[in-house]
Amino acid sequence: MTKKIDYTKLPKSFKKQVELLEQRGLNFKNKVKAEKILENISYNRLSAYWYPFLKEPKDEEIFKPNSYFEKIFRIYQFDSELRIIMFYAIEQIEIALRTQIIFHLSNKYNSGFWFENKDAFKSYPFFIDLLKRLCVNTKDSNQEFIKKYNRKYNQYIPPSWKSFETLSFNSLFSIFKNLNDRTEQVTIAKHFGLHHDVLKSWINTIIYIRNICAHHSRLWNIVLTISPVWPKTPYKEWVSTWENKNQETNDKELNLYAAICISAYLIDQVNPYNTFKNKLNNLFEEYQEIKKIDLGYPNDWQSEPLWNK
């Protein structure tokens, strides 16, 4: 086991940061602009984008020949725009899941207050936790539709079509997983064109991607740390594979492409007018230097039924 040491690196001025990168072999077309970028995007944040440009062993932090700061910054800009596209698609999927849960459970129990029935859920502790969360979220909400309800009606928590608007995607997903009646999960999953176990796995994956987007973290070149379930019998157009091989280890892995496929499939089910694929194509057209293989795209991805719908 490697012996740990104290961290002794000291902060550097932005000019010194540029000098350090240059000493390590990074080229600059414009050092003044590079310094300005580092003033607004931290050295540490950008380091995730220049990591693939480092020689082995990467711990020495020496850049490969012909590595340019400007190229790394272009990748950063691409990634920023990619996050916006992914976030917008995931937002629509989240809203669709919320709508489906509210609609089916309200009709099943013939009440907007169905969530107050403990028998609706597998877990009693979850049921109590959900009520607490809804109480907190709606008590001091600044949403006008919640305040209007509180001024007029007796029930402390508004009906699901109002109160559930205050819940996070994670909370909605927990409700879906904890529904006591499996047939409701099956019915909701069919709306998304999937088996209910596959939908659970896919929602978990896009929440993971959503959190990356929400924290402005890197999507480009990532390896998924969770493994979504492969759909054996998808109801709609799909792909033949979403795995690819690590170029260094030759091991199979899932990159962002798998999450992009999931998002494209789901958004096609919930919004027939969506422009998700067009936005992705336009982004790659604008950043032609970005290699799709770095996101896990296979060479023949354009021939897949999902992308030809």
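**Cavity, pocket and helix packing in a predicted model**

The largest cavity in this predicted model has a volume of about 30 Å³.

Colleague: What makes this space a cavity and not a pocket?

Modeller: A cavity is a set of points where a 1.4 Å probe fits but cannot get out, whereas a pocket is an open set. The structure holds one cavity of 30 Å³ or more.

Colleague: Which residues line the largest cavity, and how do they divide by class?

Modeller: The lining consists of K277, L280, N281, F284, Y297, W301 and W307. Five of these residues are nonpolar, one is polar and one is charged. Lys counts as charged, so K277 is the charged residue.

Colleague: Why are helices α3 and α4 called roughly perpendicular?

Modeller: Helix α3 (residues 43-50) and helix α4 (residues 69-109) pack at an angle of about 95°. Angles of 65 to 115 degrees count as roughly perpendicular, and α3 and α4 are therefore described in that way. Their axes lie 9 Å apart. The contact involves R45, L46, Y49 and W50 of α3, together with F69, I72, I75, Y76, D79 and R83 of α4. By class, this contact has seven nonpolar, no polar and three charged residues.

Colleague: How do you know which helix supplies the largest share of the lining of the second largest pocket?

Modeller: The second largest pocket has a volume of about 410 Å³. Of its 17 lining residues, Y7, K9, R24, Y43 and E61 are the closest to its centre. Both α1 (14-23) and α3 supply at least two lining residues, and the largest share, four residues, comes from α3. The lining has eight nonpolar, three polar and six charged residues.

Key:
Residues are numbered from 1 along each chain as its sequence is written. This is a predicted model: local features need pLDDT of at least 70, side-chain atom pairs count only at pLDDT 80 or more; totals for chains, interfaces and linings use all residues. Side-chain values use heavy atoms; hydrogens and water are left out. On a 1 Å grid over the protein atoms alone, a cavity is a set of points where a 1.4 Å probe fits but cannot get out, and a pocket is an open set with protein on both sides within 12 Å along at least five of seven lines; lining residues have an atom within 4 Å of a point. Grid points are joined across faces, edges and corners, and a volume is the space filled by probe spheres set on the points. Axes are lines fitted to C-alpha atoms, for helices over the stretch in contact, and angles run from 0 to 180 degrees between N-to-C directions. Angles under 35 degrees count as roughly parallel, over 145 as roughly antiparallel, 65 to 115 as roughly perpendicular and the rest as oblique. Contact means heavy atoms within 4.5 Å.
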